[in-house]
Amino acid sequence: MNQADISKIVSKLRIKVPPEHRRLRGPQGPEGRLNKLRKTVTGLIKYERIELNYRRGDEARQYAERLISEAISHGDCHKPTMEIADYWLLEKQLVHKLFKVLVPRYENYNTAFTKMYKAPQTYYGRNIDKAVLELRGNPYPSLTNKQSNNRLLLQNVLLDAAKYDYRQAKYAEMADKMSKTEELQTKLDNNPESKPSESS
Amino acid sequence: MIPRLTYVINILKNLERNIIQSFGYPPKELALAYAHQKQVPRQSTKFTLKDLVGDGILLAVPKFRRTVEKRWKRKFGSPDYVWKMLVPKTNIAICNECGHHHERGRLCGNCYKRIETETKEIQAKIEEKLGNNKPIENDVIVLYDGEKLPDETKEFWQGKRIVEMKKERPQWFSKNLLQKTTQQPSDSKDVKPTDLA
Amino acid sequence: MKQRALSLSKTLLLSHNSKGLPAIRCISTKEAIDRRHHLFDLEKKRQLENIGRIEKIEVNYKGVPNDCTLIMNKDISTPYDCARHLGEWHTESSALALLDGTVYWDMHRPLTENCTLELQRFNIAEPQQVNKAFWRTCSLVLGACATVAFKDSVPVHLHSFPGPDIRSGSFIYDIDLPTLPDWKPTPQELHTLSAEYVQLCRKQLPIERLDVSQELALEMFVDNQHKAKQIPSIAKATGKVSLYKVDKFVDISKGPLISNTAQIGRVAVTSVHALTGSPDSEVKKLYRFQGVALPTGVILNHFAFSILTERAKKLNSARSPINPFADQSNPAHESIAARA
């Protein structure tokens, strides 16, 4: 059965998008949910790092990623994309920011455009999971403490040395192959030269 | 409507009866017909225990013995629903940077507090300096006291929004962040993503 | 057991001057280990008693969670004790101590004077020295595991291990097995060795250090001729030989080692290669045991670790102690051991 290639029609986001959205119950119902998410996405684009409840942050993240990926793939001359941006971004200066700042920033990214962290829990009270949602590449101090990229850690030293070894072996192999082919070539060149001399 | 009518009629009747009783009855000789009303002496209304208990008080009472399983279920709960026992938290890790405890998978509270205050300051500065009315067309670069812009062509810096914080760079905010914005200008083709997790 | 060791040491002391004692050769590996361990304990006790009046030193701790000053006992308190004041995490995660920003110190080695202390973990920004200490410890423990793993009928004479070279991909111990002239370990045997190693690590044994005089060191290693030959050159520099003990197993090593075998995480003894000596050296054949290890807590998937083990299987090209260079007349085995 030939399945049409829909990968170009709908952008595949680099975050997990569940099949059903959260309802985010409120007095205004589904419309209120969308309004709230609009405000959240506007805030995210504007401030580039916001603190909010985990559930709303997760939903807003999906919409923000979709917005940015649409902007990247279609650009600002595309009318439907402009309408989407107009709907989602309540402050119109941010539409400029989206197309002129964020698109060039995220054009060549292989990863998602946003990052969400779980904030520390508040004890002695009603605990609602809080999160920090931010756009990657923001100018603020980083929230990750990840040290695993440190090239001096033991595992990284060992792996780098193994990689170097492997590459050296490969280069040697390739050099060997090249020299062998050259030898063969020279042999072949020599043979036809000798033949006419013999015949003559 | 009708209940109201009967209500009014009842009131009138009561009124009539009260008036006649208060003013006394007319003499018997004048009456057309009268009924003998036996003055039944009212019994003394003493309330004894027998009246209370009498045949017995009807109270709710357990019909069957509560099984030990049910007792346990009430006391301890169930892991499928609500577990009523205290469960030790085994997901507490120690932050490498500051040595404080935090839940694994979440941000370290101590580190986050410090970064949060700094972020809010920068955000406030951006709002204050760059305003909210003009269309935003460039990235923001944050510079601290005594810092110069990295070496780049003047065209690169034109239009870039620079925010100067009037304080020293905190030790934990590394300068390398600037490298992201000091990427080569757009005419070079091999721009690599710098933010791989 | 103690009496036996004592009697042995007495006979040896009495006949110290006479050479070529057949009695020494009759000591089994196990007995030799016990004897060494016993002598180590005695010496440690003696050194502790020698201190006399306990003096106090100020140790300025710098680091996480906050800088503080600790008042510790001179020549008795170790950086491990300082870590205990700070918290359990500090005791478990610190592998090495850095004094005054320059000298790397073992965690269980007593501090001698006022200093600035920093505790080094495996995931700090500059872990080069910690990694080297880790590699050295792995070699030492490999020697321990080899002495324990072989049957009593096979005498195991540890020769030496060279200085740590992490980029080579494996840590080494050169061992002399006189009764096994041609031995090629089967994968099963290597697996058993690795299992022994892991068992040793899971016992969570602290690694203690002791500086002893040359004579006592020679006494302790009387059964091991290779070590006995290395000791004079090792002691040349300072007159003292630094010994490390890991639960009954005592060995010689120069540099700092990590604090506890529990800090050795994933480990594999990958291969054993035979090194033939040059015709004029005394030792004809040495077996080079090779392995690779990672600290506890390092998460690496099995494929990446398999890459490391495959690489560690290849013969490590570190200098062989019995045949260092073809043209070098002076066998440099002592300098290798001295550097380890």
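How many residues does the contact take from chain B and from chain A? In this predicted model, local features need pLDDT of at least 70 and side-chain atom pairs count only at pLDDT 80 or more, whereas totals for chains, interfaces and linings use all residues. Residues are numbered from 1 along each chain as its sequence is written, and chains are lettered from A, with ligands numbered from 1, in the order in which they are written.

The contact draws 33 residues from chain B and 25 residues from chain A, two residues being in contact if their C-beta atoms, placed from the backbone, lie within 7 Å. On the side of chain B that touches chain A, at least two residues each are supplied by β2 (101–103), α4 (109–130), β3 (140–143) and α6 (177–181) of chain B, and the largest share, seven residues, comes from α4(B). Helices (H or I, at least four residues) and strands (E, at least two) are DSSP runs, numbered from the N terminus.

Chain C comprises eleven helices and twelve strands. Of its contacts with a separation of 6 or more, 72% are accounted for by residues 24 or more positions apart.
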